[in-house]
Each structure stands twice: as C-alpha cells, then as structure tokens.
Amino acid sequence: MRRLGLVLVTIGLLGIIVGSILRSPPNISPQIKEVSHPRPQNEGIHESMTEEKEEKQKNSPEPPLVFVHDVTPYYFDDLREIVAVLDEYNYSNRTVLFVIPVFDPDHYGDEWSLRNHPDFVEYLHELQMRGYRVELHGYGHTYHEFNCSYETAKEKLDNATAMMTSLGFGNLTLFLPPAWALNNESLKAILEHNLTVVTPDWLIFPNGTRQRIWNREYTWYIERNEVEGRLSVALHDYRKAIEEGIPFYLSVHPGVINYGGGLEFLREFLDTVCRPEKS
Ligand SMILES: [Zn+2]
C-alpha cells in the first residue's frame, strides 16, 4: 500500500514536470518534449489524457527509453538483431539511435562514412519512419574524441551536423559523447550547437541547466548465465529511479549486447517493464 502511494506520488510529480516541460518555451527543452512525444505506446503522459488513460497511467509507469550507442554501418548486422528485439515490444518510439557519421577514420579512413553506405542510411530512414529517433554520437568516434579544444569540437560538430543534414537527418537535439569524454571547452561548443548533452547522470541542456537522469548499461559482454543477475540489478535501479522521479535510460552497444546473454537480457528487461504488474 505504501509502495502504491509512492508510485502514485511519483506519477503525479512526473505529470506536473512533463506538463510544465510541454508548456515551457521550445528552446529550453525541445528534446524532452520529443522524447515524450505521445504515440500509441506511451499515450499516458500527454496533458489532455482522459480519466481512463490516467487510471491506466497510475497502474503503469512510463517505460524507460533505450539508447543505442555506436550506430554505424560497421555494426549493421548487430543493429538489425537489436532492432528485431525492440520491435517485438513495439519499442521504436522509445528508442534513440546515436549515430556515428564517420566511424573511426584513424583506422578505416572514410570506409564507414555514412556517405559510402546508402543502404544503411536508407535503413535508418526506415527506422525513423517507424518511430525510432536518430541523434548524434560524435563525429569519428576516435579515442576520447570530445576531450578536445573548443575549435576542434566546433569543427567536428559542424562537419557532423552538415553530413547528417545532407543525408536527411536534420533537427538533431541530443549529443552523446563517445566514451563520455568531455571537457569544458568541448561542452561549450556542443551546447552552442543547440544540442543537449547526455551523460550517465545528467542531461545538460543548451542553456546550461541540468537534469538528473539514470543512464546505465547492464550488458557489457555478459555471459548467458549472467542474465538473471544483471536483470535483477537493472530492475532494482529502474524501480529506484521511478521512486525518486528520475528518468531511467538503458544504454546498449551493438556488437557488445549481441554477445552471450545480452539480447536475452534486453528481451527480459523489456518484457518486464512493458508489463508493469511484473515489475
Ligand atoms: Zn560509442
């Protein structure tokens, strides 16, 4: 009973927060508005929801978003496998694909540039049409790429956004730095590009304000016999985040989650959060 009360209070607070975000000027937090964009699968958070929907919302907290890192043609097959699992749970509109425009030019030159893989670009457009969201994950994803000077960061961002726009992916709003590497100079350049920075603990908005989040990865090359253990840790964190009113994001890497028990973890996690009576 106490837990139900907590959940109700949390949902009430979330409603107020989402309501105020939806009413706030678009330049403050457009990305949150888009993340929360009402679609059939997550209709509960829209302001004008009916009482029936409110009742449904009380019983089922908003499922978390999935952040797919390292989206590049280099991992085309792995990405297809991940998408197949996400699709089983109609999770397209709750998934963000963080794209690398030119994967690892230090090692591969422009071999994995999006420009050289029109089939992959077309695939991304298909996913986008089905609700998947496309955002930015560095430019070349070289080692600690954005632990760099303001000038270098600015140049990389100019190149990245220009290429993405030319391929039909304009209006980018989120930036996830490769390996979470950042410094004050590069952060300044990213925010000046009107991008919200995603870190494990914070969203940093273009106006410099921060929002606490819980963004973690539970599938770093896990074996099949580790699935249940990782799942119980992830679900514990998820419930705690709900209780504290902190948005929960599940980060995954193609090529990594495809190993061992990774995809089974993803399937079981989504199965649980999509059926809240189990969580
Ligand atoms: Zn990465």
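In the protein chain of this predicted model, buried residues make up 38% of the 279 residues. A residue is buried if 20 or more other C-beta atoms lie within 10 Å of its own, exposed if 12 or fewer, and partly exposed in between, with C-beta atoms placed from the backbone. Residues are numbered from 1 along each chain as its sequence is written. Local features need pLDDT of at least 70, side-chain atom pairs count only at pLDDT 80 or more, and totals for chains, interfaces and linings use all residues.

The chain has 10 helices and 9 strands. These are DSSP runs, numbered from the N terminus (helices: H or I, at least four residues; strands: E, at least two). Contacts were also computed (two residues whose C-beta atoms, placed from the backbone, lie within 7 Å). Among contacts between residues at least 6 apart in sequence, 71% join residues at least 24 apart.

Helix 4 has 13 residues. From first C-alpha to last, helix 4 reaches 19 Å, close to the expected 18 Å. The expected span is 1.5 Å times one less than the number of residues. Asp78, Leu79, Ile82, Val83, Val85 and Leu86 are the buried residues of helix 4. They lie on the same side of the helix because they cover an arc of only 160° around the axis. The arc is that of the directions from the helix axis to the C-beta atoms. Asp77, Arg80 and Ala84 are exposed on the other side of helix 4. The buried residues of helix 4 pack against several elements, among them strand 1 (65–71), helix 6 (118–129) and helix 10. Just after helix 4, Asn90 takes a positive phi of about 45°.

Helix 10 spans residues 262–273. Its buried residues are Gly262, Phe265, Leu266, Phe269, Leu270 and Val273. These cover an arc of only 125° around the axis, so they fall on the same side of helix 10. Their packing partners are helix 4 (76–88), helix 9 (227–244) and strand 9 (248–252).

Two packed helices are described by the angle between their axes and the distance between the axes. The axes of helix 7 (residues 150–166) and helix 8 (residues 184–192) come within 8 Å and cross at roughly 35°. Axes are lines fitted to C-alpha atoms, for helices over the stretch in contact, and angles run from 0 to 180 degrees between N-to-C directions. Helix 7 contributes Tyr150, Ala153, Lys154 and Leu157 to the contact. Helix 8 contributes Glu185, Ser186, Lys188, Ala189 and Ile190.
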